[in-house]
Amino acid sequence: MNERILVTGGTGYIGSHTTVELIEEGYDVVICDNLSNSNRGVVDGIEAITGRRPIFVEADCADPVAMRKLMEDYPGIKAIINFAASKAVGESVSKPLLYYRNNLNILINLLELMPEFGIRGFVFSSSCTVYGEPDRNPVDETSPIKAATSPYGNTKQISEEIITDYIRSGAGIKSIILRYFNPVGAHPSALIGELPNGVPQNLIPYLTQTAIGIRPELSVFGNDYNTPDGSCIRDFINVVDLAKAHVVAARRMLSDESSDDIEIFNLGTGNGVSVLELINTFREATGVDVPYKIVGRREGDIEKVWADPSRANNVLGWKATTPLADTLLSAWNWQLQLRKRGIM
Ligand code: NAD
Ligand code: WQD
């Protein structure tokens, strides 16, 4: 029988792409999602791509009764990949308790149930936000953790500490913490992708919605930063490349490849790209000119951050390979698909 993996938040953006890669590698996936930021139609998209329908359970991962039932109903789960979380940075500032409650209760609940159900491996979605404004780039995993600038970011820092403390206590589980840089793009089939709620806060969905005419123009937040063209620099990583790293991480834990019970990896490309460069690459890749204007800086923005992904490259044998132009084209094709389906 194929090894069974629980993917929480599996109908979300990164979770759905990871579910596709897991199924394609022969894993048996159980998705648990409360659909607070996704919809069940995503399961159809996953099935259309892979030819296999993952088990889908609509439930709150922070609910101990519901999660115990899930583990009893679907026995034999070997690892959990925990994507479920609230993730809007701005909203976390106005509703901090919602973020602390959801993100931390999900985590504690799952960790607590793991030993009882013999679940050995836990992959956690962390973020480059833990590095804040780094002293130097690229950033490796030993770079100092900076004070969090939002409750959302703080939940990632606290979560990393909770996992570490739990494992040190002798819980008998293993964990791989993955710190994502900026995940972007969509599956090349355009059958799944990012579904932003309301006005997008992130660059790529705002850009593609502008390109298709939903928004009149893109605001570029600042061109007076200490960077070559004055706009901020990020490490934009293709979501399918990112998804593949989770398969490698799960396999590593299930096969006990590492003697360390807890490991941390940066997931990025290693290339810093500015916001203005990205807009140009989008035009070159798609032939679509995106109207934009330079406006003031956005509060809380990091000037520049990009990954040193060598640990993931060398230890996991994983590397981000998709060129940025292809990634941006995939984001555009996804936007066109949403229009075709009358969603946006
Ligand atoms: P997403 O919102 O698309 O997916 C998260 C999913 O979790 C959603 O489908 C949502 O419905 C579900 N969910 C939320 N609370 C839940 C609960 N209590 N019970 C069950 N399901 C619940 O977000 P994403 O971009 O796919 O992010 C996945 C993970 O990666 C998150 O933990 C996020 O913080 C982290 N992350 C994301 C980024 C990014 O830029 N997208 C960067 C770094 C880290
Ligand atoms: C990227 C760049 C903006 C929108 C956020 C979270 C971080 C992580 C990833 C989860 C910045 C600029 C954006 C726009 C713009 N998430 N921009 N106009 O801020 O790097 O990271 O998502 O962990 O925690 O903070 O991503 O896509 O919002 O912005 O000019 O309309 O694009 O200023 O320089 P960010 P982003």
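Is alanine 190 buried or exposed, and what is its relative accessible area? Alanine 190 is buried, with a relative accessible area of 8%; here buried denotes under 20% relative accessible area, exposed over 50%, and partly exposed the range in between, with a 1.4 Å probe and protein chains only. The structure is a predicted model, in which local features need pLDDT of at least 70 and side-chain atom pairs count only at pLDDT 80 or more, while totals for chains, interfaces and linings use all residues. Residues are numbered from 1 along each chain as its sequence is written, chains are lettered from A and ligands numbered from 1 in the order in which they are written, and side-chain values use heavy atoms, with hydrogens and water left out.

Alanine 190 is found in the loop between β7 (182-184) and α7; helices (H or I, at least four residues) and strands (E, at least two) are DSSP runs, numbered from the N terminus. Although alanine 190 is not a glycine, its phi is positive, at about 60°. Aspartate 256, likewise a residue other than glycine, has a positive phi near 55°. Aspartate 256 lies in the loop between α8 (239-254) and β11 (262-267) and is partly exposed, with a relative accessible area of 42%. A further backbone feature is the cis peptide bond from asparagine 137 to proline 138, with omega near -5°. Proline 138 belongs to the loop between β5 and α6.

Ligand 1 is surrounded by 27 residues, of which the closest are Ile14, Asp33, Asn37, Ser38 and Tyr152; a residue is taken as near a molecule or strand if one of its heavy atoms lies within 4 Å of it. By class, this shell around ligand 1 holds twelve nonpolar, eleven polar and four charged residues, where Ala, Val, Leu, Ile, Met, Phe, Trp, Tyr, Cys and Pro count as nonpolar, Asp, Glu, Lys and Arg as charged, and the others, Gly among them, as polar. Lysine 87 places a polar side-chain atom 2.8 Å from an oxygen atom of ligand 1. Backbone N or O atoms also approach the ligand: one of asparagine 34 lies 3.1 Å from a nitrogen atom of ligand 1, and one of serine 36 lies 3.1 Å from an oxygen atom of ligand 1. The protein covers 94% of the 820 Å² of accessible area that ligand 1 has on its own; accessible areas come from the Shrake-Rupley method with a 1.4 Å probe, and for residues only the protein chains shown count as cover.

Serine 38 is buried, with a relative accessible area of 14%. Its side chain makes a polar contact of 2.8 Å with that of threonine 11 and another of 3.4 Å with that of aspartate 33. A polar contact is a pair of N or O atoms within 3.5 Å; within protein, one must be able to donate a hydrogen and the other to accept it, and residues adjacent in sequence count only if both atoms are side-chain atoms.

At least two residues of the shell around ligand 1 are supplied by each of α1 (13-24), α5 (96-116), β5 (121-127) and α6 (151-168). The largest share, three residues, comes from β5. Strand β5 is mostly covered, with seven of its seven residues buried. On one side these are Gly121, Val123, Ser125 and Ser127, and on the other Phe122, Phe124 and Ser126. Strand β4 (residues 77-82) runs parallel to β5 and is joined to it by four bridges, with isoleucine 81 opposite valine 123; two strands pair if DSSP finds at least two bridges between them. Seven bridges join β5 to the parallel strand β6 (residues 174-180), in which arginine 179 stands opposite serine 126. Together, β5, α6 and β6 make a right-handed β-α-β unit: with the strands pointing away from the viewer, the path from the first strand over the helix to the second runs clockwise.

Ligand 2 is surrounded by 18 residues, the closest being Ser127, Tyr152, Ser219, Arg234 and Asp301. A polar side-chain atom of aspartate 301 lies 2.5 Å from an oxygen atom of ligand 2, and a backbone N or O atom of leucine 203 lies 2.8 Å from an oxygen atom of the ligand. The protein covers 87% of the 680 Å² of accessible area that ligand 2 has on its own. Strand β8 gives the most to this shell, with four residues.
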